[in-house]
Amino acid sequence: MPVTRLTLTDFRSYLSASIAPGPGFVLLSGDNGAGKTNLLEAVSLLTPGRGLRGAALSEMARQDGGGGFAVAAMLGDIAIGTGTQPSAPERRQVRINGAAAAVNSLGEWLSVLWLTPAMDRLFTGSAGDRRRFLDRLVLALEPGHAHHAARYEAAMRARNKLLAEPETADPSWLGALEEAMAEHGAALHEARLRTVEAFGGRLDSTGDDAFPRASIALEGWVADDLATALAANRARDAAAGRATHGPHRQDLVVLHQAKHMPAARSSTGEQKALLLGLVLAHAELVTERRGEPPILLLDEVAAHLDPKRRAALFERLDSRGQVWLTGTEAALFEGIGAASRFHVRPGTLDPV
């Protein structure tokens, strides 16, 4: 469901700000550095994780503020809030309708997808970047994915710490951690596979001249007896300082279907179009599966598209739920009809 009100307190460049966007396009224009992306980041924090920048929570608090921040939103008559206290700047708190809730429970209320300029290097970047992108796609379809990801990471960190001190490591505790990694790792792998398979079917039925079809596959670790493999690899993992086997080693492989070419070898324009096509197709899949469209956050996307692709993007997004778009000039949104329009200045929002 759309965000009907967003309120920020001591968040990034905002001392205090509040907007009431409509259910369709939300257009944010303003100079570079005015705070447009900060608004998108605030919306992205209404889901599990560290938001679209992946930043430390302490970095999100306003520089001249008290050390904490708050992001509050209304989803119709549902109130969601998240933020930190000055006394615990890295401990995120969540409230839903006034009651304390787990961070991972946010995925049950809201589905949010985003594209930022930093993601333009997704296909040529690290496997970790692509894996995190895939997990965001999975989370939009299966909110419980966040729980398994958090438990897997926690068990893996604890195991790495024990392996770094082999003379005091308790073998039974190591075994328990490896069993936990196996349990939650299997859930991660299966959810990723389900998403890739469902997503692949959606991609096969979509695509056009503006957004070419992509093929995707999951590569790297394949399901095995992970607990046994981890136990056998303790010496190697201790030397490496990390777990060398498991679903955290998987990668999302993307191909340009028509050219039978890895996305990483496609032109910059083609990579941008492929990435947009992936996000649009996934948004349609989420709408089909969850019965309502996800919120889309598209940061500076229009500026990097030629007029033909820009028009095709706006047409495909029309009536697809709430879509937040940023741009340095309002002219970039030419062709969009009804919308909530705001001009952003440092620390200030003005309806247009």
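1. The second largest cavity has a lining made up of Thr47, Gly107, Leu110, Ser111, Val112, Arg136, Leu139, Ala140 and Arg290. A cavity here is a set of points, on a 1 Å grid over the protein atoms alone, where a 1.4 Å probe fits but cannot get out, and lining residues have an atom within 4 Å of a point. Helix H3 (residues 127-141) supplies the largest share of this lining, three residues. Helices (H or I, at least four residues) and strands (E, at least two) are DSSP runs, numbered from the N terminus.

2. The model is a predicted one, in which local features need pLDDT of at least 70 and side-chain atom pairs count only at pLDDT 80 or more, while totals for chains, interfaces and linings use all residues. Residues are numbered from 1 along each chain as its sequence is written, and side-chain values use heavy atoms, with hydrogens and water left out.

3. About 50 Å³ of space lies in the second largest cavity; a volume is the space filled by probe spheres set on the grid points, which are joined across faces, edges and corners. Its lining comprises four nonpolar, three polar and two charged residues. In this classification Ala, Val, Leu, Ile, Met, Phe, Trp, Tyr, Cys and Pro are nonpolar, Asp, Glu, Lys and Arg are charged, and the others, Gly among them, are polar.

4. The largest cavity also holds about 50 Å³. Its lining consists of Met1, Leu110, Ser111, Val286, Arg290, Glu292, Pro293, Pro294 and Ile295, which divide into six nonpolar, one polar and two charged residues. In total, four cavities of 30 Å³ or more are counted.

5. Buried means under 20% relative accessible area, exposed over 50%, and partly exposed in between (1.4 Å probe, protein chains only). S9 runs antiparallel to strand S10 (residues 251-256), with six bridges joining them; two strands pair if DSSP finds at least two bridges between them. Within this pairing, Glu219 is opposite Asp251 of S10.

6. Which phi value does Asp10 have, although it is not a glycine? The angle is positive, about 55°. Asp10 belongs to strand S1 (residues 5-11) and is buried, at a relative accessible area of 16%.

7. His260, likewise not a glycine, has a positive phi of about 50°. This residue lies in the loop between S10 and strand S11 (261-262), and His260 counts as exposed at 72% relative accessibility.

Conventions. On a 1 Å grid over the protein atoms alone, a cavity is a set of points where a 1.4 Å probe fits but cannot get out, and a pocket is an open set with protein on both sides within 12 Å along at least five of seven lines; lining residues have an atom within 4 Å of a point.
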